[in-house]
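Q: Please take a close look at the aromatic side chains in this model. Then connect that part with the charged residues and with the other features around it.

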Amino acid sequence: MSLFTSPRIGGRAAAGLAGLAVTGLVLAGCSSEPATPEGPVDLRVTLWSANEAHHAVFNEIADAYIAANPDKVSSVTFDAYPLDEYTQALVTQVSGGEAPDIAWVLNSNSREYIEQGVLADVSDVLTADADFDLDDVVDGSLAAWSKDGGIYAYPFSTQPFGMYVNLDLLEAAGQPNPRDLIASDDWNWDRVMEMADAVAGATGQGGLQIQSWNIWIELATIWESFGARPWSEDGSQALFDSPEMVEFMNWTNENMFERRAIIRPGETFDFAAGSAAFKIHLLSTSGALDGSFAWDYVPLPEGPGGQKNVVNQAAIGVLSQSANPEVAAEFLAFFTNKTNSQKLSAFFPQPRESLLTYEALSAAATKMSEEQIVGTIIEPAKNAVPLPVHPNYSQFASTVASSLELISQPGADVEAILRDLQDSVSQYFG
């Protein structure tokens, strides 16, 4: 299970349940602070990875902390929950007075959790800990997790999106190698759509595989290059019916149905199975590729608004409802300090200057070449924009997903659908 993949929650009802769960967590986060405990404590961390190799490293770090601080911590337990149950499990524990001390947090929930007091400010602890070395953290990587000088979580998994390419399908369809197009400044979205359509026509396989509408926020990897945004930078105004978003969504619909460039809803073509020409995703996807076809990993194409790199993050923070917030913050600083970040980088790319290297990242992506890692991860990371976040995201996320399902139908009146969406969600802005 990749840290860079958002929870797949099946259907509109489940997506709505996730929104209600986040709302419950937000409300629970406003309760009074617990008393400071006496003596060593048992810390509990919730996460969505049950990977044994991940947990071996987590436990190694925790054991080292306990050995060095027996007067503060007696044990650290890492509780894993399936992705589709994670948010609900977290809110159930918090609302029931059994909040974990530390939790993994999705990029999409960052602003919501901070604004509503779900996460504790750990800036003093991180700043004071020389071993954490805050100066080593890449500029801008904490932006989604900070407010008014406070730091509310550390994005221990940070990387740009890139484009996976099935070279065998492109060759079978008589299409050029994307690296040749990059060299000639012809690597753009319209060219990609031509190639994807050609693959579908010549091979019967799929073109571009995009994520399900339940995680529509990842479409930012394309709409950013169209100059589109779902809301203003300060989050005060919805922009779903803006000319740029209308242009982008019309383009998406046309390439689904006037061409066969974008894989349509209900089609089962999958890049990892070798049946799709393109897929936008992250470094971790390479681990699922079995060598049955030739592939490459290249930067995102250019759009009408230029070439835009987009970064995804997963963070770890102390819950304000933790029974042991001070000790938890100190453990968090140790868990993610410069030395332990190097251990974590074997699985999760770290937002640290010292670890933004081919040597460090190749441990997390053993199947990738130096050209792929440097050109698609390290260089784009220097100017990447984050996925958009909003303090009321969970309250309107399923409404947006439902509207996008309508757009992904033949003959859809895109402008009317987006106008209705704008009216439906405007109450959550301003």
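**Aromatic pairs and their surroundings**

A: In total, 35 aromatic pairs are found in the structure. The model is a predicted one. To read such contacts, one needs two values: a pair of aromatic rings is described by the distance of the centres and the angle of the planes.

Consider the pair of Trp189 and Trp251. Their rings lie 6.1 Å centre to centre, with 80° between the planes, and the arrangement is edge-to-face. This label applies because planes over 60 degrees apart count as edge-to-face. Trp189 belongs to helix H8, while Trp251 belongs to helix H10 (residues 243-257), so the contact ties together parts that are 62 residues apart in sequence. Both Trp189 and Trp251 are buried.

Phe248 is in helix H10, whereas Phe226 is in the loop between helix H9 (220-223) and H10; the two residues are 22 residues apart, and their pair links distant parts of the chain. Phe226 and Phe248 are both buried. Helix H10 therefore takes part in two of the contacts described here, through Trp251 and through Phe248.

Aromatic residues also gather in a group. One aromatic cluster is formed by Trp48, Phe58, Tyr65, Phe78, Tyr86, Trp104, Phe156, Phe331, Phe334, Phe335, Phe347 and Phe348.

The discussion now turns to charged side chains, beginning with the helix that holds Trp189. Within helix H8 (residues 189-203), Arg191 and Glu194 are 3 residues apart, about one turn of the helix. They form a salt bridge whose closest N and O atoms are 3.2 Å apart. Are its two partners buried or exposed? Arg191 has a relative accessibility of 18% and so counts as buried, since buried means under 20%. Glu194, with a relative accessible area of 40%, is partly exposed.

This is one of 14 salt bridges in the structure. Another joins Asp79 and Arg44, with the closest N and O atoms 3.6 Å apart. Here the partners come from distant parts of the chain: Asp79 is in strand E2 (residues 73-80) and Arg44 in strand E1 (residues 41-47), at a separation of 35 residues. Arg44 has a relative accessible area of 21% and is therefore partly exposed.

A further salt bridge connects Arg179 with Glu371, and its closest N and O atoms are 3.7 Å apart. Arg179 lies in helix H7 (residues 178-183) and Glu371 in helix H14 (residues 370-381), so far as the sequence is concerned distant parts, 192 residues apart. Arg179 counts as partly exposed because its relative accessibility is 21%. Salt bridges can also share residues: Arg111, Glu115 and Lys147 are linked in a network of them.

Between H7 and H8 there is a loop, and Asp185 lies in it. Why is its backbone worth noting? Most residues other than glycine have a negative phi. Asp185, however, has a positive phi near 60°. With a relative accessible area of 70%, Asp185 is exposed. Asp133 likewise has a positive phi, about 60°, although it is not a glycine. Asp133 is in the loop between helix H5 (123-128) and strand E4 (146-147). Its relative accessible area of 23% means that Asp133 is partly exposed.

Charge is also grouped at the surface. Asp241, Asp413, Glu415, Asp420 and Asp423 gather there in a patch of negative charge. One of these residues, Asp420, is in helix H16 (residues 414-425). Asp420 counts as partly exposed because its relative accessibility is 48%, and exposed means over 50%.

Ser95 is in helix H3 (residues 83-95) and counts as exposed, at 53% relative accessibility. Ser95 and Gln321 are 226 residues apart along the chain, and their C-alpha atoms are separated by 9.6 Å.

Terms used:
Residues are numbered from 1 along each chain as its sequence is written. Side-chain values use heavy atoms; hydrogens and water are left out. Patches are made of residues with over 30% relative accessible area and no salt bridge: like charges are joined within 9 Å, nonpolar side chains (Val, Leu, Ile, Met, Phe, Trp, Tyr) within 5 Å. Accessible areas come from the Shrake-Rupley method with a 1.4 Å probe; for residues, only the protein chains shown count as cover. A salt bridge is a side-chain nitrogen of Lys or Arg within 4 Å of a carboxyl oxygen of Asp or Glu. Lys and Arg count as positive and Asp and Glu as negative; His and the chain ends are not counted. The place of a charge is taken as NZ of Lys, CZ of Arg, CG of Asp or CD of Glu. Helices (H or I, at least four residues) and strands (E, at least two) are DSSP runs, numbered from the N terminus. Buried means under 20% relative accessible area, exposed over 50%, partly exposed in between (1.4 Å probe, protein chains only). Rings of Phe, Tyr and Trp (its six-membered ring) pair if their centres lie within 6.5 Å; planes under 30 degrees apart count as stacked, over 60 as edge-to-face and the rest as tilted.
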